[in-house]
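Please look over the model shown here and work through a few questions on its fold and packing.

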Amino acid sequence: MVQAPLEANGSDAVACAQSLAAARPQAIIFMAFGPSMVPFVKAARAHVGVPIYAVSIANSPQILKALGDDARGLAFTQTVPYPFRQTTPLTRDLAAALAREKLEPAYDYMFGYLNMRVMIEGIRRGGKQVTSQSIVRGMESMTKVDLGGYPVAYGPNKHHGSNFVEITIVGPGGRWMR
(Lines give C-alpha, C1' and ligand atoms only; values in the text may rest on other atoms or scores of the structure.)
Protein backbone atom coordinates (compact mmCIF):
# COMPACT_ATOMS: atom_id res chain seq x y z
CA MET A 1 0.00 0.00 0.00
CA VAL A 2 1.21 3.47 -0.85
CA GLN A 3 -0.12 6.86 0.24
CA ALA A 4 0.26 10.13 -1.61
CA PRO A 5 -0.68 13.50 -0.09
CA LEU A 6 -2.70 15.90 -2.23
CA GLU A 7 -3.00 19.66 -1.81
CA ALA A 8 -6.55 20.79 -0.95
CA ASN A 9 -6.76 22.74 -4.20
CA GLY A 10 -5.39 19.85 -6.27
CA SER A 11 -2.46 21.88 -7.61
CA ASP A 12 -0.14 18.88 -7.25
CA ALA A 13 -2.58 16.34 -8.72
CA VAL A 14 -0.32 15.29 -11.60
CA ALA A 15 2.67 14.70 -9.31
CA CYS A 16 0.44 12.82 -6.88
CA ALA A 17 -0.94 10.59 -9.66
CA GLN A 18 2.54 9.96 -11.04
CA SER A 19 3.81 8.88 -7.61
CA LEU A 20 0.87 6.47 -7.31
CA ALA A 21 1.50 5.14 -10.81
CA ALA A 22 5.06 4.26 -9.84
CA ALA A 23 3.66 1.90 -7.18
CA ARG A 24 1.47 0.15 -9.78
CA PRO A 25 -1.66 -0.06 -7.58
CA GLN A 26 -4.67 -2.17 -8.45
CA ALA A 27 -7.02 0.57 -7.27
CA ILE A 28 -7.03 4.00 -5.67
CA ILE A 29 -8.97 4.90 -2.55
CA PHE A 30 -9.51 8.65 -2.64
CA MET A 31 -9.92 9.90 0.94
CA ALA A 32 -10.63 13.57 0.28
CA PHE A 33 -13.36 15.74 -1.13
CA GLY A 34 -13.88 19.13 -2.69
CA PRO A 35 -12.08 20.84 -5.52
CA SER A 36 -8.97 18.64 -5.38
CA MET A 37 -11.00 15.73 -6.71
CA VAL A 38 -11.41 17.16 -10.22
CA PRO A 39 -7.72 17.56 -11.14
CA PHE A 40 -6.80 14.39 -9.26
CA VAL A 41 -9.29 12.16 -11.08
CA LYS A 42 -8.23 13.60 -14.43
CA ALA A 43 -4.54 13.04 -13.58
CA ALA A 44 -5.19 9.54 -12.24
CA ARG A 45 -7.11 8.62 -15.41
CA ALA A 46 -4.12 9.79 -17.48
CA HIS A 47 -1.29 8.32 -15.37
CA VAL A 48 -2.61 5.42 -13.30
CA GLY A 49 -5.61 3.93 -15.10
CA VAL A 50 -7.07 1.86 -12.24
CA PRO A 51 -10.46 1.97 -10.52
CA ILE A 52 -10.97 4.90 -8.16
CA TYR A 53 -13.04 4.52 -4.99
CA ALA A 54 -14.12 7.58 -3.01
CA VAL A 55 -16.06 8.34 0.14
CA SER A 56 -19.67 9.49 -0.07
CA ILE A 57 -18.92 13.07 0.96
CA ALA A 58 -16.96 13.48 -2.31
CA ASN A 59 -19.93 12.77 -4.57
CA SER A 60 -21.35 16.27 -4.80
CA PRO A 61 -23.28 17.01 -8.00
CA GLN A 62 -20.99 20.00 -8.68
CA ILE A 63 -17.86 17.83 -8.59
CA LEU A 64 -19.41 15.18 -10.83
CA LYS A 65 -20.55 17.83 -13.28
CA ALA A 66 -17.07 19.39 -13.33
CA LEU A 67 -15.57 15.96 -14.04
CA GLY A 68 -17.90 15.35 -16.97
CA ASP A 69 -17.07 12.05 -18.71
CA ASP A 70 -14.15 11.51 -16.31
CA ALA A 71 -16.70 10.82 -13.55
CA ARG A 72 -17.85 7.65 -15.32
CA GLY A 73 -16.67 4.56 -13.47
CA LEU A 74 -15.92 6.29 -10.17
CA ALA A 75 -17.11 4.19 -7.25
CA PHE A 76 -18.43 5.82 -4.09
CA THR A 77 -19.34 4.44 -0.70
CA GLN A 78 -22.82 5.59 0.26
CA THR A 79 -24.05 5.79 3.84
CA VAL A 80 -27.65 6.60 2.93
CA PRO A 81 -30.12 4.68 0.75
CA TYR A 82 -30.26 5.03 -3.02
CA PRO A 83 -32.61 8.01 -3.52
CA PHE A 84 -33.50 7.38 -7.17
CA ARG A 85 -35.95 4.50 -6.74
CA GLN A 86 -38.99 4.64 -4.50
CA THR A 87 -38.63 1.18 -2.98
CA THR A 88 -39.06 1.98 0.73
CA PRO A 89 -41.30 4.30 2.74
CA LEU A 90 -38.26 6.54 3.32
CA THR A 91 -37.46 6.92 -0.39
CA ARG A 92 -41.15 7.47 -1.18
CA ASP A 93 -41.38 10.19 1.51
CA LEU A 94 -38.28 11.91 0.14
CA ALA A 95 -39.57 11.68 -3.44
CA ALA A 96 -42.87 13.29 -2.40
CA ALA A 97 -41.07 16.12 -0.57
CA LEU A 98 -38.79 16.73 -3.55
CA ALA A 99 -41.70 16.67 -6.00
CA ARG A 100 -43.46 19.40 -3.99
CA GLU A 101 -40.36 21.56 -4.42
CA LYS A 102 -39.82 20.48 -8.06
CA LEU A 103 -36.40 19.01 -7.22
CA GLU A 104 -34.75 15.87 -8.59
CA PRO A 105 -33.58 13.13 -6.20
CA ALA A 106 -29.92 13.28 -5.18
CA TYR A 107 -27.74 11.78 -2.48
CA ASP A 108 -27.28 15.22 -0.91
CA TYR A 109 -31.04 15.51 -0.42
CA MET A 110 -31.31 11.99 0.99
CA PHE A 111 -28.48 12.69 3.41
CA GLY A 112 -30.08 15.90 4.68
CA TYR A 113 -33.59 14.43 4.78
CA LEU A 114 -32.48 11.36 6.70
CA ASN A 115 -30.46 13.39 9.19
CA MET A 116 -33.44 15.69 9.72
CA ARG A 117 -35.70 12.69 10.40
CA VAL A 118 -33.21 11.29 12.92
CA MET A 119 -32.84 14.65 14.66
CA ILE A 120 -36.60 15.25 14.85
CA GLU A 121 -37.11 11.80 16.38
CA GLY A 122 -34.36 12.45 18.92
CA ILE A 123 -35.86 15.82 19.86
CA ARG A 124 -39.35 14.31 20.12
CA ARG A 125 -38.09 11.57 22.42
CA GLY A 126 -36.23 14.11 24.57
CA GLY A 127 -39.43 15.70 25.86
CA LYS A 128 -41.16 19.07 25.72
CA GLN A 129 -38.29 21.04 27.24
CA VAL A 130 -35.67 21.06 24.47
CA THR A 131 -32.12 21.33 25.77
CA SER A 132 -28.84 19.82 24.67
CA GLN A 133 -29.22 17.25 27.48
CA SER A 134 -32.77 16.32 26.43
CA ILE A 135 -31.65 15.84 22.84
CA VAL A 136 -28.83 13.55 23.96
CA ARG A 137 -31.27 11.64 26.16
CA GLY A 138 -33.75 11.39 23.27
CA MET A 139 -31.10 10.23 20.80
CA GLU A 140 -29.71 7.65 23.22
CA SER A 141 -33.23 6.27 23.75
CA MET A 142 -33.46 5.38 20.04
CA THR A 143 -32.16 1.86 20.60
CA LYS A 144 -34.00 0.43 17.60
CA VAL A 145 -35.88 2.75 15.23
CA ASP A 146 -36.95 2.07 11.63
CA LEU A 147 -37.16 5.28 9.62
CA GLY A 148 -39.05 3.70 6.74
CA GLY A 149 -36.63 0.99 5.71
CA TYR A 150 -33.52 2.56 7.23
CA PRO A 151 -32.89 1.26 10.75
CA VAL A 152 -30.94 3.30 13.27
CA ALA A 153 -29.85 2.35 16.76
CA TYR A 154 -28.32 4.65 19.34
CA GLY A 155 -27.47 4.28 23.00
CA PRO A 156 -25.29 5.72 25.75
CA ASN A 157 -22.24 4.04 24.21
CA LYS A 158 -23.43 4.01 20.60
CA HIS A 159 -23.52 7.40 18.91
CA HIS A 160 -23.06 6.36 15.27
CA GLY A 161 -26.60 5.14 14.59
CA SER A 162 -26.30 3.18 11.37
CA ASN A 163 -24.09 0.54 9.81
CA PHE A 164 -25.50 1.08 6.32
CA VAL A 165 -22.91 1.21 3.52
CA GLU A 166 -23.18 0.34 -0.15
CA ILE A 167 -21.09 1.10 -3.20
CA THR A 168 -22.45 2.92 -6.22
CA ILE A 169 -20.76 3.71 -9.52
CA VAL A 170 -21.15 6.72 -11.75
CA GLY A 171 -22.49 5.47 -15.07
CA PRO A 172 -23.02 7.05 -18.49
CA GLY A 173 -24.36 10.58 -18.38
CA GLY A 174 -23.49 10.92 -14.68
CA ARG A 175 -26.27 8.52 -13.64
CA TRP A 176 -25.80 6.45 -10.50
CA MET A 177 -25.65 2.67 -10.82
CA ARG A 178 -25.89 0.18 -7.98
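The questions below go from the whole chain to single contacts.

This is a predicted model, in which local features need pLDDT of at least 70, side-chain atom pairs count only at pLDDT 80 or more, and totals for chains, interfaces and linings use all residues. Residues are numbered from 1 along each chain as its sequence is written, and side-chain values use heavy atoms, with hydrogens and water left out.

Q: How many helices and strands are there in the chain?
A: Helices (H or I, at least four residues) and strands (E, at least two) are DSSP runs, numbered from the N terminus. Along the sequence they follow the pattern α-β-α-β-α-β-α-α-α-β-β-β-β-β. The count is six helices and eight strands.

Q: Which residue in strand 2 is the bridge partner of F30?
A: Strands of a sheet pair through backbone hydrogen bonds, either parallel or antiparallel. Strand 1 and strand 2 (residues 52-54) run parallel and are joined by three bridges. The partner of F30 is A54.

Q: At what angle do the axes of helix 1 and helix 2 cross?
A: Axes are lines fitted to C-alpha atoms, for helices over the stretch in contact, and angles run from 0 to 180 degrees between N-to-C directions. Helix 1 (residues 13-22) and helix 2 (residues 37-47) have axes that come within 8 Å. Angles under 35 degrees count as roughly parallel, over 145 as roughly antiparallel, 65 to 115 as roughly perpendicular and the rest as oblique, and helix 1 and helix 2 are therefore oblique to each other. The crossing angle is roughly 40°.

Q: Which residues in helix 2 meet helix 1?
A: Contact means heavy atoms within 4.5 Å. From helix 1 come A13, V14, C16, A17, Q18, L20 and A21. In helix 2 they meet P39, F40, A43, A44 and H47.

Q: Is S134 buried or exposed?
A: S134 lies in helix 6 (residues 132-140). Leaving aside neighbours within four places in sequence, S134 is in contact with G122, G126 and Q129. Buried means under 20% relative accessible area, exposed over 50%, and partly exposed in between (1.4 Å probe, protein chains only). With a relative accessible area of 2%, S134 is buried.

Note on methods. Two strands pair if DSSP finds at least two bridges between them.
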